[in-house]
Amino acid sequence: MLKVANNALQSNFILLAQVFDKLEKETSRLKMMEILADYFENISPEDVRIAIYLLSGKTGPSFEAVDFGVGEKFVIESLLRIYGGFKVEIEDLYKELGDLGLVAKNIVKDKESSLTLNEVFSYLKTIALTSGPSSQDKKIELLTEMLDRASSLEALYLVRIILGRLRLGAQDATVIEALSFARVKSKDLKPKIERCYNLTSDLGYVAYILFKEGEEALDFVRAIVGNPIRMALAERMENPEEIFNKVGKCIVEPKYDGFRCQVHKIDNKVKIYSRNLEDNTYMFPEIVESTIKFCRAKDCIFEGEAISFDPETLRFMPFQITVQRKRKHNILKVAAKFPLRLEVFDLLYKDGLDITSKPLFERKKLLNDTIVKNETIVISDSYEVDSPEKIKNLFENYVSQGMEGIMIKRLDGVYQAGSRNFNWIKLKRSMKQSILSDTIDAVIMGYFYGKGQRIKLGIGSLLIGLYDPEMDCFETIAKLGSGFTEEEWMELLKNLEEIRTNFKPNNYVSEINPDFWVKPKIVVEVEADEITVSPVHTVGRKGLNKDYLNNLPTGSGFALRFPRAKRIRYDKSPFDSTTPNEIYEMYELSKNKKSKDISENSVNLDSTKLLKKTKMKDKDKTLFD
Ligand SMILES: Nc1ncnc2c1ncn2[C@@H]1O[C@H](COP(=O)(O)OP(=O)(O)OP(=O)(O)O)[C@@H](O)[C@H]1O
């Protein structure tokens, strides 16, 4: 039997299983928060840490991929050993119930269990770490031992965890609030907890510090090399004068259309995290190699945009080429054809020091001292400017080179982990072209059968929505039926079929019922003509009405007019979608814009024509698509 040090303070796993059970039945975010707060209040700091990981079905922070290596077959085998009957009976029960967790609940005898949270955690970790010859038998043995000791409710959740099918609907925002309530009976600690979480991406660790050492200790939490820092994001503005008034003397950089990379160097090991904090190191072998060779720090974290280029023309390739590296077997092929450059724009950590709170101009200086000149990791263009005219000129210059636009950054701005604010402002060419100031990243919530020509495809349109962090739910914003080629629809359908679910997920707020619901997983970038107020769509309906939409009929939400799909955003998680607040801001921006003479501001941005005109001169400066 697995040995775990016994400790009188350890809580039993059944308490957490009961919390799971309550959360699953609850749709009110406030009630979920209360259930969690009540639970956290009564367990040890170490158990809070473990419980937070298990709440998302993991044995560590969410950026660490966990693979238990246990499929349905193993679970059935384990259940068979406990049950002692015939396999076919278990399989029949599975067919009837459609959930192996429920099968386990039926088969495992309900008894008083003595499993502690810590023991369950050790079992799960050991199962995940067991590899090599005869690991299959070892995993089944451990699983059987654990399930045999469990009560039936515990078995239900253990099976769901091990199969990666735990869906409780309590997101980070709810857990953070619960931690604050558990400690001080109010939301007051939320900003401090969020700051630490944004820097470390490990809520279990932050909770442990809070419960073990008290709230003052949170002030000393710093970034940890190896843990992704939640990425700083940019606000949108459209007018160089207004931008300059807002930020004053600032730094302007080109806005590259590539893949955001946060590179962590720990001695001679390198990890590269994506925009949604996934470990994407495998995608960029050249960056790994060059970081080891050309980064002058022992430990460090820097950020940049990885972008493929054509070695003959030296033009940057579109995002779609860089993203082909997502498929593991493709990397060497794509890398040979289109090498890659990392345009580095920030340094966040160096040799034991978290420098996110230093002003940008100091971080830039340190960055210049850190990277030795090389072909792959290049310090991005960066200009200090002191007038709106200079911002405008740089914008037009970069757009004429085929760039997406520019980023304007406050000279004295700190790196605000996990937050979108005016320390960074994006000015994109799409903002100049259309009434709508930016594209929208939406989550696919469901889909409809095709009509007319699309019947043969089996998919005609998508129901898309946004994650609302205030309400911790997904709200609909449009039906999306155009923008993809036939091939793209077919590939998308394949992916959607894998995440299809028979029921509307309980964190979806929708008045529209698609033919199929899907779990929130795939993010699609959408262009649209306008944001309108809608009686049907639910984005912003709850969270925003109170504060902003007093003049509109109650029950109104926001919708997109004439939405078109631009691309699938593999680098974004559903929780990184555009927020209802941003939609509201874009709605306001577009109202102002409509009332101005648009033609006055517009420039000819037919980038394809411009690209043909531009000549390649300086290898270091003008790589573009
Ligand atoms: N010089 C630069 N500085 C910072 N980010 C840059 C730069 N050039 C390109 N980027 C990219 O631009 C992204 C932000 O702009 P954009 O709105 O196009 O992307 P998004 O993913 O839809 O938005 P966001 O990341 O703000 O949610 C950054 O996440 C980064 O990947």
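View 1. The space taken by the ligand is the largest cavity, where a cavity is, on a 1 Å grid over the protein atoms alone, a set of points where a 1.4 Å probe fits but cannot get out. This is a predicted model, in which local features need pLDDT of at least 70 and side-chain atom pairs count only at pLDDT 80 or more, while totals for chains, interfaces and linings use all residues. Residues are numbered from 1 along each chain as its sequence is written, and side-chain values use heavy atoms, with hydrogens and water left out.

View 2. In a polar contact, here a pair of N or O atoms within 3.5 Å, an N or O atom in the side chain of Lys255 is 2.7 Å from an oxygen atom of the ligand. Lys409 places a polar side-chain atom 2.9 Å from a nitrogen atom of the ligand, and a polar side-chain atom of Asp441 lies 3.0 Å from an oxygen atom of the ligand. The ligand taken alone exposes 600 Å², of which the protein buries 95%, with accessible areas from the Shrake-Rupley method and a 1.4 Å probe.

**View 3. The shell around the ligand.** Among the 19 residues around the ligand, those that come nearest are Lys255, Arg275, Glu305, Arg420 and Lys426, a residue being near if one of its heavy atoms lies within 4 Å. By class, the shell has 13 charged residues (Asp, Glu, Lys and Arg), six nonpolar and no polar ones. The strand β11, a DSSP run of E with at least two residues, gives the most to this shell, with four residues.

Technical notes: A polar contact is a pair of N or O atoms within 3.5 Å; within protein, one must be able to donate a hydrogen and the other to accept it, and residues adjacent in sequence count only if both atoms are side-chain atoms. On a 1 Å grid over the protein atoms alone, a cavity is a set of points where a 1.4 Å probe fits but cannot get out, and a pocket is an open set with protein on both sides within 12 Å along at least five of seven lines; lining residues have an atom within 4 Å of a point. A molecule sits in a cavity or pocket if more than half of its atoms lie within 2 Å of its grid points.
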